[in-house]
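Here are my notes on this one, in the order I'd go through them with the viewer open. Have a look at the structure and then see whether you read it the way I do.

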Amino acid sequence: MKIMNYAPRVLKQKLINKIPKSKGTNQIGDRAKLLAHDLVSNNIRYDEALVRAIALYLRREHHLKGDEGLYKVVEYIQLFLKETKSFSSLSLIDSVDNNQSRLIVESSQKMMNPSKQSVASKATNKPKPIDNNINTQKNLHKNLTILSSRGINSKSNFGFYLSRKLFDEYNSSLTVVCTNYSGNSSNILKSLLEKNKNNSVKLSLIIYDSLSIEGIEELSFISKSYDVDIKVFDKQCSLQSVVSRITSTLTGFVSLNDFNLDISVEECLGIATYNSVLLPSDIYTQGINEVIEQNFNSGIIVPTYLLKNYDSENKVFSSHILLLKLLDVKGINVRMYQSTIAESIDLTPKDALEYLIALKAISSFDTSELIQKKYYSLCRVLNKIEPNQLLELSMNLNTPYIDFSDIYPERAKEVDTLVIAYNFTPFMDPSAIVVAKRIQEEKWFSDVVANDMSELRTKSEDLSFIGKPYINSVIDIHSKASFAHQPHYQDYIDGALDVLDLGKYERVYSRSFFISAHFLGFEVKNLNADIYWIAEFSDPGVFDVEKKERYSWYRDLSIRDRHVSLVYEKYPELKQYALERNDNVYFWAELLPYCFADEIIFTCENQRRTMLDNLEIKELISIVSKKSTIKPQPTLPESFYQFKNVTAGVDPESIDIAYFGSFYVNRNFNDIFEAIKNLEQSNKDKLKLHIYTNQIIEVAEAAVKYEVVDNIIVNNYLDYLDFLNVLNKFDYLFLMDTKTEGTFEVNPYLPSKLSDYLGADAEIWAHCEKGSTLSNHERITYKSCLNDPLSINNILKELTSK
């Protein structure tokens, strides 16, 4: 990062070369003061020259390295330039590209206390604007940057800030204030009105000029011809008296002698907000005050409520520090100004959250003391609402990265649960999502310890919304991601134990898959016997869906031997099973929770029955059964289904059925396609089956084979919250049981998508295995049976005959 080019290049290099090497930091102030005299000019006061001199000096001394160096600027100025009374502090506001950085001096004068205004400030009625070429802002999120705007000299009339509430009180319309009315002005006005003739009710004109009788008659004719309201104010009227009569949302200012009124009222109203100012695309300026002062007649469009609090005498807006955002809309630059907030401002929660979002987007957010101060003042505003209200606001503004622990620091004392989720949101994985849903459902105030899954999974930041009101912190361990490789997950366990303070938790919750979660849960329980350990199993662990044993061995048998020793210590009777001969980590990922967890959660009764029936250690069956509970996967609140707005491509005249998941035509989908093919043509024409899957080619081939191309719409998988939203677009939601007949005595699986379907409005059609948990579920409207094509035919006939 380099110092801004405060002086011309040649002069700057000359000055840098003049700086002698320091013999200690105690000389920096004196030498900088000497250098400052060379910088003083007609445009640069001594106090500002001192700031620049320090920056140049530190560059020569190589002190200025990154943002830390800029803090040294602050420190040195505070130490050595105390005699400069005009300014009390200097803060880094932002950094821009590799060639520039910007220092902004924050005035010690308070807007509501002008008596403390400095002598230097009084001597110059208008402070020199700080250089801020908008085109150079490259490091900031979507061209966000901070601009400086001094406070005004009025004591009480302008203690005013941005307000959506005031903005909404005005009529949704645009008033254009026109100056310099001349001979060709009528044609310019007609062109404007012609362009907006379909929105004439939303447009009104004010002619702010001294007109002849002919000019007034001409305007009267235009007013009648275009049915538009036109008011004329003589130049002797003050600007504020003109603005006081305006009731429209927006007010624009143009000079009719040099400005072409190519303005679309509808576009302006569509893009304007309570905290935005619309500017012609060729205007570049330094601060909001200079924007208003220099460009009143150049096409600026400002929210009217802001104009009514504009100090026309001093030409200063009452907001302090403002943010700017650039958008291009057909030749108009929309530059969004947002206040950085003082402690005393009465903000709505939405306003405060929007400001906070803007601050976090600034590149120097983590390093600027001023920005951090503003940030935490906003956090205190948001602290006044309930966390679930803040969650709703965050979702409306799509800001999953908002840190609730900053906003509710007092809740850190309420954290009583450690959630162990090897894979956690925002990584996209069913196991990660279910853990977040469990936190949301149980309302556990939690710290989550997770692993960095970047090698195996991608992220969807929206997933961070799930459970957010109850999550104090997410502790990421950076071990190599692995499904069951013991050395890798051991790194995760060791890393977690190094950073966790286990004494603060009353409860620890772990869930598999991934099995490493239960190994860490065991270690936590072993280190703190008083903690209540809840271990949840999503599915049988030792066996896969074909009842084949999963196997991965302990690379470090000393860890296995320690597990054996602790199990024997608690249950000596288990020595007969020679557990020391079993080195399968999947076996131990079940056995340790069975032996040491205080509560075991199974997804359904069939799962519990299957896992315990296949447990060779019969002494544990009754123990596990007594401390186990049945909890299906949680269903999220309605707000999560409404968060996104996804197009599903449904036809109101069709019967739309949706399926989400893997597609294998030989695994029961052949019966579905065959049944659709055999429908009567009139019913077949009404039916659409939407399949969301990664096997798109397989779906297409099957549709051709079964002659149902016109009935099948195939799509890629959706992100999870997109998936939730699209569920409500369909008439019926289809899901299918896992086929286990001939493998397990009872079907131990319950499709995870059922919990998501249950939160939607659509009816559910389940294709079930007889005796499965899905087949006995009370909230499923339609049930067909695997290997029973007739049951499919009957349901399709019923659905298409409605």
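1. Let's start with the lining of the largest pocket: its residues split into 23 nonpolar, twelve polar and 13 charged. Keep in mind that this is a predicted model. The volume of the pocket comes out at about 2000 Å³. Of the 48 lining residues, Pro430, Gly661, Ser662, Ser752 and Lys753 sit closest to the pocket centre.

2. Which elements give two or more residues to that lining? They are helices H17 (430-442), H25 (665-677), H28 (720-727) and H29 (753-757), plus strands E20 (655-660) and E23 (732-736). H17 gives the most, with five residues.

3. Searching the whole structure turns up seven cavities of 30 Å³ or more. The largest cavity holds about 90 Å³. Its lining is made up of Phe404, Ser405, Tyr408, Arg411, Val415, Phe445, Pro469, Tyr470, Ile471 and Asn472. By class that is seven nonpolar, two polar and one charged. Helix H16 (404-407) and strand E15 (471-477) each supply at least two residues of this lining.

4. On packing: the largest nonpolar core has 111 residues, and those with the most contacts inside it are Phe424, Phe640, Phe660, Tyr720, Leu724, Leu727 and Leu733. There is also a second, separate core of 57 residues, which includes Val449, Ile493, Phe519 and Ile559.

5. Is Asn725 buried or exposed? Asn725 has a relative accessible area of 7%, and the cut-off for buried is under 20%, so Asn725 counts as buried. With residues up to four places away in sequence left out, Asn725 touches Tyr641, Gln642, Lys644, Asn645 and Val646.

6. Last one: helix H27 (residues 696-705). Val699, Ala702 and Ala703 are buried there. Seen down the axis of H27, the buried residues fall within an arc of 100 degrees, so they line one face of the helix. On the other side of H27, Ile697, Glu701, Val704 and Lys705 are exposed.

Key
Residues numbered from 1 in each chain as written. Predicted model: local features only at pLDDT ≥ 70, side-chain atom pairs only at ≥ 80, totals over all residues. Heavy atoms only, no water. Core = buried A, V, L, I, M, F, W, Y, C linked by side-chain atoms within 4.5 Å. Buried < 20%, exposed > 50% of the residue type's maximum accessible area, 1.4 Å probe, protein only. Helix = DSSP H or I, 4+ residues; strand = E, 2+ residues; numbered from the N terminus. Arc of directions from axis to C-beta. 1 Å grid on protein atoms, 1.4 Å probe; cavity = no way out; pocket = protein on both sides within 12 Å on 5 of 7 lines; lining within 4 Å. Points joined across faces, edges and corners; volume = space filled by probe spheres on them. Nonpolar A, V, L, I, M, F, W, Y, C, P; charged D, E, K, R; others polar. Contact = heavy atoms within 4.5 Å.
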